[in-house]
Amino acid sequence: SGIVHGGLVASVLDEALIYAAGAMGHKCVTGEITVRYVIPASTGVPYALKGRFVEDKGRIVLAESFLLDADGQVVARATGKLFKPNI
């Protein structure tokens, strides 16, 4: 009670990875995500979500994302290997 489920935190971090890649013009899907939970996320509290493109490695794109509390402290962070599907 009062703590956000880790799966929900991972989902928003994943979205930020995809948005970061998309901002650089890459249409990607998540191939691998690693989430580090730093402190528990509380319900009913505003958070900031940030994503950052890291590197284009051909078919693979690397990105990272952060969930920050109102003081700018990292609540959770993720790194992701995204890939460009052949669609």
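Predicted model: local features only at pLDDT ≥ 70, side-chain atom pairs only at ≥ 80, totals over all residues.
1. The residues of helix 1 that are buried are Val9, Ala10, Leu13, Ala16, Leu17, Ala20 and Ala21. These residues lie on the same side of helix 1, because the arc that they cover around the axis is only 135°.

2. The other side of helix 1 carries Leu8, Tyr19 and Ala23, which are exposed, that is, with over 50% relative accessible area.

3. As for its length, helix 1 comprises 18 residues (residues 6-23), and the distance from its first C-alpha to its last is 26 Å, close to the 26 Å expected at 1.5 Å a residue. Gly25, which comes just after helix 1, adopts a positive phi of about 90°.

4. Strand 2 and strand 3 run antiparallel and are joined by eight bridges; within this pairing, Glu55 has Leu62 of strand 3 as its bridge partner. The hairpin that these two strands make has three residues between the strands, and there Gly58 takes a positive phi near 95°.

5. Strand 3 is also joined to strand 4, by nine bridges, and the two run antiparallel, with Leu67 standing opposite Ala76 in strand 4. In the hairpin formed by strand 3 and strand 4, five residues lie between the strands, and Gly72 in the turn has a positive phi of about 85°.

Definitions and conventions. Residues numbered from 1 in each chain as written. Heavy atoms only, no water. Helix = DSSP H or I, 4+ residues; strand = E, 2+ residues; numbered from the N terminus. Expected span 1.5 Å × (residues − 1). Buried < 20%, exposed > 50% of the residue type's maximum accessible area, 1.4 Å probe, protein only. Arc of directions from axis to C-beta. Pairing = 2+ DSSP bridges.
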